[in-house]
Amino acid sequence: MVDAVTSTSNADARIKSGTGMLASNFETFLTLLTSQLKNQDPLSPVDSNQFTAQLTQMAGVEQQLLTNDLLKSLVSAQGGGGLGQAATYIGKEATAAWSATKMDGGEASWTYELGANAASATLQVLDGTGKVVWSGDAPAKTTGLHEFTWDGTATSGNDGEDGQVYSLKIVAKNGAGDAVDAQVLTRGRISGVEMYEGEAFLTIGKSIVPLSTIIALEETEDPALAA
């Protein structure tokens, strides 16, 4: 999976480490200050200005501890908020710039898009190791969206297996041999959401895609209204 840009767990660990260090310094400071007051020379007590400065220092450390606790709470809230926000996408029709899907029932399906009419367009199905297991002409070469379903029959290597993840790649060219803009998409209804290392992932059909790859969302039509 794609690594999250910001990892909530890593941030939380750094906050805990910093808080522990400050707490230790705070305890040491109190111990030294108490010993100083107990053992001071009655004929030459601690200067009041110095004592005030030490108390101010102590208050500053305590405030830093409280600030760290607040920061930790904000980080935790942000993680929960990310899941809550992603959950609002459940039930919507989505399009993601994502090429990996799981084979099920002996089939794996994708959508590919061409930015212009292509003179030639080749599709490649890759297994989890990046090896090409099938290669052939794209079923359509005109501008727009097109569907492609692989039946699992390999042209190189092993046939597809249910439960395994496969990716689709497309290479398209025009009559002059120049590359045509093309991309592989995952389209369908969002049925679930999960968090992985601080990033939200959505379940679309048989694919799990990062929220950051979503490029279009549509409301699912209510069957009752359609009737």
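The following questions and answers cover confidence, strands, ring pairs, charges and loops in a predicted model.

Student: How are residues numbered, and which pLDDT limits apply to this predicted model?
Tutor: Residues are numbered from 1 along each chain as its sequence is written, and side-chain values use heavy atoms, with hydrogens and water left out. Local features need pLDDT of at least 70, side-chain atom pairs count only at pLDDT 80 or more, and totals for chains, interfaces and linings use all residues.

Student: What pLDDT does the protein chain average?
Tutor: pLDDT is the predictor's confidence in each residue, from 0 to 100. Of the residues, 63% score at least 70. The chain average is 79.

Student: Which residues make up the covered face of β7?
Tutor: Strands (E, at least two residues) and helices (H or I, at least four) are DSSP runs, numbered from the N terminus. In a regular strand the side chains alternate between the two faces of the sheet. In β7 the uncovered face holds Val165, Ser167, Lys169, Val171 and Lys173. The covered face holds Tyr166, Leu168, Ile170 and Ala172.

Student: How many bridges join β4 to β7?
Tutor: Two strands pair if DSSP finds at least two bridges between them. Strand β2 (residues 100-102) pairs with β7 in the antiparallel sense over three bridges, and Lys102 has Val165 as its bridge partner. β4 and β7 also run antiparallel, with Thr122 bridged to Val171. The number of bridges joining β4 to β7 is seven.

Student: What separates the C-alpha atoms of Ser120 and Ala172?
Tutor: Ser120 is found in strand β4. Ser120 touches Lys141, Val171, Ala172 and Lys173, leaving aside residues up to four places away in sequence. Ser120 and Ala172 are 52 residues apart along the chain, yet their C-alpha atoms are separated by 5.7 Å.

Student: Why is the pair of Trp110 and Phe148 stacked?
Tutor: Rings of Phe, Tyr and Trp (its six-membered ring) pair if their centres lie within 6.5 Å; planes under 30 degrees apart count as stacked, over 60 as edge-to-face and the rest as tilted. The structure holds four aromatic pairs. In this one the centres are 6.2 Å apart and the planes stand at 15°, so the pair is stacked.

Student: Which strands does the pair of Trp110 and Phe148 link?
Tutor: Both residues are buried, meaning under 20% relative accessible area; exposed is over 50%, and partly exposed lies in between (1.4 Å probe, protein chains only). They are 38 residues apart. Trp110 is in strand β3 and Phe148 in strand β6.

Student: What is the angle between the ring planes of Tyr196 and Phe201?
Tutor: Tyr196 is partly exposed at 35% relative accessible area, whereas Phe201 is buried at 1%. Their rings lie 6.1 Å centre to centre. The pair is edge-to-face, with an angle of 80°.

Student: Which side chain of opposite charge is nearest to Asp127?
Tutor: Lys and Arg count as positive and Asp and Glu as negative; His and the chain ends are not counted. Asp127 lies in the loop between β4 and β5. Asp127 is buried yet has no salt bridge. At 5.9 Å, the nearest oppositely charged side chain is Lys131.

Student: What is the phi of Glu197?
Tutor: Most residues other than glycine have a negative phi. Glu197 lies in the loop between β8 and β9 and is partly exposed. Glu197 is not a glycine, yet its phi is positive, at about 50°.

Methods:
A salt bridge is a side-chain nitrogen of Lys or Arg within 4 Å of a carboxyl oxygen of Asp or Glu. Contact means heavy atoms within 4.5 Å.
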